[in-house]
Amino acid sequence: MAATETSSSNPSLFYRLFFDKELRSVTIQVITMALIFAFFFFIVNNAITNLEAIGKGYSFSFLWDASNYDINQTLIEYNSRSPHWRAAVVGLINTLLVAVAGIILSTIVGFLLGVLRLSSNWLINRVVYVYIEYVRNVPVLLHILLVHGIVVNTLPIPKNALMAFEGTLFLTNRGFYTPKPLFEPAMWAVLIAFVIGVGFTIWFKGYAKKIQDATGKIYPVLWISLGAILLFPIIVFFLAGLPVNFEYPELKGFNFKGGLVLRPEFVALWLALSLYTAAFIAEIVRAGIQAISHGQTEAAFALGIKPSRTMSLVIIPQALRVIIPPLSSQYLNITKNSSLAIAIGYMDIVATIGGISLNQTGREMECMTIVLAIYLAFSLMISAFMNWYNKRMKLVER
Amino acid sequence: MSTERSHAVGEHPELPPPSTEVGIIGWVRHNLLSSTTNIVITVLTIYFLYIIVPPMLNWIFFDAVFSADSRDDCRAIAKAAGHEMGACWAFIGKRFEIFVYGFYPAEERWRINLSFILMLAALVPVLFDHVPFRKPGLWFSLAAPFIIGWLLLGGMGLEPVPTDKFGGFMLTLVIGVTGIVGSLPIGIALALGRQSHMPALRMVCVAFIEFIRGVPLITLLFVASTMLNYFLPPGTTFDLLLRVLIMVTLFSAAYIAEVIRGGLQALPKGQIEAADSMGLKYWQSMRLIILPQALKISIPGIVNTFIGLYKDTTLVIIIGLFDPLGMGRASLADTKWQGLSTEIYVFVAIFFFVSCFSMARYSLYLEKKLYTGH
């Protein structure tokens, strides 16, 4: 009798490890960590054995060997004798280029579509709806291939190039050609004027706010800022005697020479990614605007705030709080989706170091490590920015 | 007497509304021409549609050739009929079987058809409430994946078919459905782990989710196709399709986990406190109180993730599996049909549109069904 009492009030340690609430959580965690470590030990051990068996180590020294392949779009100096790490940098820059260009275009188109989707005009409303549904329900890879097919198959060869704007823009199946601006030294003055304009705007914004807080007087901050940032440099540009020349593309032999060229792969990837992401952004914008209750507008009007300032002081700040988190994840998506470039031969980071370099050197582990690490770095940076932004914008309740 | 009243004194009958306010005219005035901006938008939109739609319809229907033996044949037929060559759908018609079944042996294709019917039958009791025999139906739904797996792979009395014969729409369905079925439970577990009070468990879940969400699916598929063999004991071989299935499932599980975490965080803390005060244990309160509500909130996000996963199945062509897109591009190598890529892309796009759009519609239906507010 006494024995059963002690065992029920003071059960064995083994029993408590699994049935005592506090101890059980320790047990579970220890087991989890043990399993994780065992798993990693297992795969790393296997990797070492397997690599040894075929005589490969794990080293990044191959990055300094000559790459022996050409890349069709390079923003920095690169040729086939350049080392692999340089190929990786070229790829990284190409990824960033298409991502940034895509983010800009998709934001513009997306906001436009989102606003049109809320339009009271039935026709445009339906057209945008059909567009959004079509785009969102078809894989992005298909969009990329389709746009690439259109650019390559339906645009004319350079000899019969489609000309636009008096011979300044040529559309061909080898790419889009535009004049390339060549800057003269006096361009520095324009750049300095621009920096001064930005600095003035920052100071003026603070000054206008101080005056408004003190006296209630409102300056037209937007117009004065635009004048300082845009008009001032333009005036300096003219005063400096138009310090810019253009190098025009010219048809030589079978292709254009000179000028700025957007390659068909870049154009196809850029347009496809932007138009695809724009449909998602449109839905985000629509949801964001709809999330602000009509009472907010009415309250602002009741306080006698002008409609334009109601928009900029009441509606947009609140809508942005809803819009920005999903928007930033769309920006991350566009960056990640740019890896599909490999399907149409645009040389991004996956196609260079994770594609050709990998196949030439046979260093799967190292190449994939680099690619994964770069993408992880992108996404962690965007996440960090988002957390900072969310903290800044969070509604403080109670 | 012509002035006989049909109504009482002081009660004039209601006049009909002005003809400009009702009917078609009223609708057009209100929806298309309500202001100057609206008139401009309407005119521009009509012009835009006029530019875009007729050529598209011509290409798809009026100038299209539906039966021919080669691309030149298509062109000849279009020329004989006196119009430009539109879509050459004959190509799709001739290759239809390979689009659907891939390289699956011709005499075994009944197995794919049967599996497809079984899959639909298994989905009905899961998706809809008011169907006859729902209870036994659900048991069938549980068993169906195993039956379908046996039918497709063979063995045990059926001719075995290696997975490299899988292709076409059947491959899309295999990857998509496996991913969807597999990722939901894993995603729920990860979401609960991330919300757990045990730091070690939480850390593992966070690391996993953030890693997967931080890299593109295509790099994970590359890892699966090039690196995974290094991580396995020497001498083991691992089916490529199986590796892809695992990667796709884990990939979408991480996204599902984040969606469900959103649902969990949206629940008021009072719900879990109430469950605790009722004396429910962790799993009981999760199963009975928390998850039903959290999952209900997250339905749109979950379905969106499923649609994303389903669309992402096209990426397998990059590592050399042949989904419909891959099949189409491979067929283009045939000199008879060269240059017809647009037809393939449009055809595959229609297939994806139909399946994804129905998923989105079902999610709307589900939201409405589970809506308990007022």
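Reader: Is B:Phe133 buried or exposed?
Author: B:Phe133 is exposed, with 10 other C-beta atoms within 10 Å. Bear in mind that this is a predicted model.

Reader: Where is B:Phe133 found?
Author: In the loop of chain B between helix H6 (109-127) and helix H7 (134-153).

Reader: And what is phi of B:Phe133?
Author: Near 55°, which is a positive value in a residue other than glycine.

Reader: Which other residue has a positive phi although it is not a glycine?
Author: B:Met156 has one, at about 50°. B:Met156 sits in the loop between H7 and helix H8 (168-194) of chain B.

Reader: B:Met156, exposed or buried?
Author: Exposed; there are 7 other C-beta atoms within 10 Å of B:Met156.

Reader: Switching to domains. How is chain B divided?
Author: Chain B has domain 1 (23-92) and domain 2 (95-104 + 161-370). Taken over C-alpha atoms, the centres of these two domains of chain B are separated by 36 Å.

Reader: How many residues of domain 1 of chain B are in contact with domain 2 of chain B?
Author: Seven, and they meet nine residues of domain 2 of chain B. On the domain 1 side, helix H4 (residues 89-94) of chain B gives the largest share, three residues. That side divides into five nonpolar residues, one polar and one charged.

Reader: What does the domain assignment give for chain A?
Author: Three entries for chain A: domain 1 (2-51), domain 2 (87-179 + 263-393) and domain 3 (182-247). The C-alpha centres of domain 1 of chain A and domain 3 of chain A are 66 Å apart.

Reader: OK, the chains together. How many residues of chain B are in contact with chain A?
Author: 42 residues of chain B, in contact with 46 residues of chain A.

Reader: Which helices of chain B supply at least two residues of that side?
Author: On chain B, they are helix H2 (36-62), helix H9 (199-214), helix H10 (217-227) and helix H15 (341-370). H15(B) gives the most, with nine residues. By class, the side of chain B that touches chain A has 28 nonpolar, 12 polar and two charged residues.

Reader: Staying with H15(B), how do the axes of H13(B) and H15(B) cross?
Author: At roughly 170°, and the axes come within 10 Å; H13 of chain B covers residues 282-312. The crossing angle makes H13(B) roughly antiparallel to H15(B).

Reader: Which residues make the contact?
Author: H13(B) contributes several, including B:Ile299, B:Val303, B:Phe306 and B:Tyr310. From H15(B), B:Phe352, B:Met359, B:Leu366 and B:Leu370 are among them. The contact of H13(B) with H15(B) has 12 nonpolar, two polar and three charged residues.

Reader: Last topic, the nonpolar core. Which residues of the largest one touch the most other members?
Author: A:Ile144, A:Leu269, B:Cys88 and B:Leu221, out of 133 residues in that core. The largest share of this core comes from helix H9 (residues 264-291) of chain A, with 15 residues.

Reader: What is B:Leu221 in contact with, leaving aside its neighbours within four places in sequence?
Author: B:Leu221 is in contact with B:Val244, B:Met247, B:Leu315, B:Val316, B:Ile318 and B:Ile319.

Reader: And which residues does the second, separate core include?
Author: The second core has six residues, and A:Ala161, A:Phe170, A:Tyr177 and A:Val261 are among them.

Conventions: Residues numbered from 1 in each chain as written. Chains lettered and ligands numbered in written order. Predicted model: local features only at pLDDT ≥ 70, side-chain atom pairs only at ≥ 80, totals over all residues. Domains from an automatic or database assignment. Core = buried A, V, L, I, M, F, W, Y, C linked by C-beta atoms within 7 Å. Buried ≥ 20, exposed ≤ 12 C-beta atoms within 10 Å, placed from the backbone. Helix = DSSP H or I, 4+ residues; strand = E, 2+ residues; numbered from the N terminus. Contact = placed C-beta atoms within 7 Å. Nonpolar A, V, L, I, M, F, W, Y, C, P; charged D, E, K, R; others polar. Axes fitted to C-alpha atoms, helices over the stretch in contact; angles between N-to-C directions. Parallel < 35°, antiparallel > 145°, perpendicular 65-115°, else oblique.
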